[in-house]
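Here's a quick briefing to read alongside the model. Let's start with the overall picture and then turn to the aromatic rings.

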Amino acid sequence: MMNSKKGKKIKDNTSLRHVKTKEKRRLGGGDTHGPSFVYLQVVSSGSRANAAALYVFSEFNRYLFNCGEGTQRLMQEHKLKAAHLDNIFLTRVSWPNVGGLSGMLLTLRDTGVPECVLSGPPRLEKYLKAIKVFSGPLEDIKLSVRPYTEEPYSDDTMTVFQVPLFAQSTDTKLSARSARIGTSQRKAGYQGVHTNSCTDSSSGSPGGNPLTTRDASLVVAFVCKLHPKKGNFLVPEAKKLGMPFGTAALGKLIKQLKDGKSVIYEGKEIRPEQVCTPTAPGPAFIILECPSKEFLTAICSDQQLASYQTGGSEDPAVLVVHMTPESILKTDEYKEWMERFPSSTEHLLLNEQTCTVHNIRSHKIQAQLNIIHPEIFPNLQPYKATESQADMYVPTVRAECLLKFQFRPVMEWQRDAIPSCDTEEFVKEAAEVPDFMREVEECIQFCSTDSALLSGQAESYPEVVFLGTGSAVPTKLRNVSGTLVNISQSQSLMLDCGEGIFGQLCRHYGDNVDQVLSSISTVFISHMHADHHTGLLNLLYQRERALETLGKPFGPIYLMGPPQIMTWLNQYHDHCEEILSHVNFVPNKSLCEGAVNNHKTKSFIQALLKKNNLEKVQACLVHHCWSAYACSITHQSGWKLVFSGDTMPCDALVHMGKDATLLIHEATLEDGLEEDAVKKRHSTTSQAIGIGMQMKAEFVMLNHFSQRYAKVPLFSEDFDDRVGISFDHMRIRFRDFGLIPRLIPALKALFALEIGEMEERRDRRELRQFHEMAAATASGTEPPLSAAGQEGHGGKRQQEEPVPENTEAKRLKAKRKPPSRVFQCKG
């Protein structure tokens, strides 16, 4: 296993090579007249679950256009490497465009990218400042904003021109939001946060907050023009003209000829066209977003865009990418504007009408788990937009995940990379795994004969749906933290809400996602690490849309969280988009035992209890980072659910969770990595189970696994009939407690190869630790601590609270057995 110091060295070397290569090209060591291989590829197609994002690749550079939630996960799954991604272009500061940006920047930092430039609206600078609330100072990567007011950007691949487009009138939806906030938010106020008017200062409206710089009237389009490509040097023709092959003089002559200059050799003029193919011109392509009708006039009348249409001053664009909703594509104005391009121009459409599966591996593992138990592991569902597709005047191509348009060497569409999602093939592959179907049959036989399971069939609620069960970064098989608790058919709450949780809801519920969104009234955020809260804004915006679609009245959710969550929401509200009207804030500390609360907080707590038919909601500080909390909810019918958040073993959690019906506890690391768990302030498998046993929980579901356990975590000797492991899209009810442990033999068979590899790594680690201990004993020195394991891209992507000095004495020995004690949580 690579230790952290060695891993850091490799990342540094990689980024250093990247920098040196770029410097060499700038000094003339490479082909300065454009790359020979360039393509544009769809990362996500603009569906409701996957906001539009594009990846542009050349042998010199990588670019990303827009970065919504889930972009990083898709790039990781489909091997679109971000290691050399140092330019991100954003069409506007809106959550569908920037929702995945904070996570992407943290990953770029942790992979050693030295610098990243964001191009687009100037308010991107405010966004970068806002995310430091939870990302920290980001000192290891240089971040800067290149607003549209600056000169065009140019590098080894292309020149990018930014074209500002301003809305003609105020968006009616934003006006409605402003009116709603003006009458309701300022009356109610928010506990622990400042309130302000939603009116933009730029509008000049009376009562506007002078600190507010939010502006929805700007979209930036990008015109990208590839550099011309030098012609090829024709060796046979050069030999006929007697050029000095085999001598040092030849290289200089070739360079001059490829640069378009004639040379004199032995008194004879040699012209470029005699020994070189013609220079290939640099094609141009346009990336454009038109979010609403208010931008139609700006787009249709813009002279810079018009210069790339028929009769313009530039060669026509070879490709126009339209990030445009279907309602805009249906307008005559937009159709006529598209017709102004010549018939040779290709048009790529990205919006919610695209029908393509993005997360193939997620569908694959779910189809295979579905064989074991179709109710606990339901198949994923498609979400289909209800609006009909526009009848276009010009030929268009609908985006699909990984669809390519190649500019060089041959200009063409390429569909060979588009992934297929063949459920039958996935099932067939699982059925061929040794012993798997036998274990499934035994599980089915148990379900059909166990009277205790049959007697509980009527208990449909509460229902727990695991939407994200991994830690640190989203990967192809496990999204980051998020658990939906359906208390009844019309009452739901969310426990943590990491990036991509709305996409998970879409894949889990399909066309019923709006109904589920409308039932969510309460969200608990355990702490401010990015993998636990950066999906919150999209959840709130999509919930508002769902309520409107269903004709239900809008009302804020009750947001339980640390105070920093409101610092983040306030800054995003002030400088990006309105959000404060979506939440009634309840500080986690106000839910702790013995808390003294003011009238407003008390009223919010009573309201959320009544809304969810709860008897009690409680929180306690846990041992992770500053202001990290666990929570407990007790229903009026008597059941009690406890959620640990991220924590080391903690006595306060044991006390709060006494006699829980269900404990959902993080189990980030495997047994044997107790020292690593202390450093990262997480729990191992047996430690989590031990906490459940101490609080006398009826059942324990393990959760929040390190992404090193991509498919399944290592099982420990402490697993019994009261313990289960969570998977993304797993759905359980309390009646399933007797069944869940019976699934483990089938899971072990399905993932036997992965478990075997993990056991080999564990055995090698334990052998190495044994030799280190023996060597230290022989020399009379203190044995070294085990190297901290790498969790995702560099573990927790935030500096965590320093471990107290007295914790060192409490560390557990790295042995695969239950913990002998828990850590007292200080608060």
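Of the contacts in the protein with a separation of 6 or more, what share comes from residues 24 or more positions apart? In this predicted model, the answer is 72%.

**Overall build**
- You'll find 27 helices and 30 strands in the protein.
- Of its 827 residues, 59% are buried.

**Aromatic pairs**
- Searching the whole structure turns up 27 aromatic pairs.
- Take Phe37 and Phe57: their ring centres are 6.2 Å apart and their planes sit at 80°, so this pair is edge-to-face.
- Phe37 is in the loop between helix 1 (4–29) and strand 1 (38–44), while Phe57 belongs to strand 2 (residues 53–58), 20 residues apart.
- Phe37 is partly exposed at 32% relative accessible area, whereas Phe57 counts as buried at 17%.
- Phe377 and Phe727 are edge-to-face too, given centres 5.9 Å apart and planes at 80°.
- Phe377 sits in the loop between helix 14 (360–372) and strand 15 (397–398), and Phe727 in the loop between strand 29 (723–725) and strand 30 (730–733), so the pair ties together parts 350 residues apart in sequence.
- Both Phe377 and Phe727 are buried.

**Cluster and charges over rings**
- One aromatic cluster is made up of Tyr63, Phe65, Phe89, Tyr153 and Phe222.
- Lys239 lies over the face of Phe245, 5.5 Å from the ring centre.
- Over at Phe715, the charged end of Lys748 sits over the ring, 5.0 Å from its centre.

Terms used: Residues numbered from 1 in each chain as written. Predicted model: local features only at pLDDT ≥ 70, side-chain atom pairs only at ≥ 80, totals over all residues. Heavy atoms only, no water. Helix = DSSP H or I, 4+ residues; strand = E, 2+ residues; numbered from the N terminus. Buried < 20%, exposed > 50% of the residue type's maximum accessible area, 1.4 Å probe, protein only. Contact = heavy atoms within 4.5 Å. Phe/Tyr/Trp six-rings, centres within 6.5 Å; stacked < 30°, edge-to-face > 60°. Lys NZ or Arg CZ within 6 Å of the ring centre and 35° of its normal.
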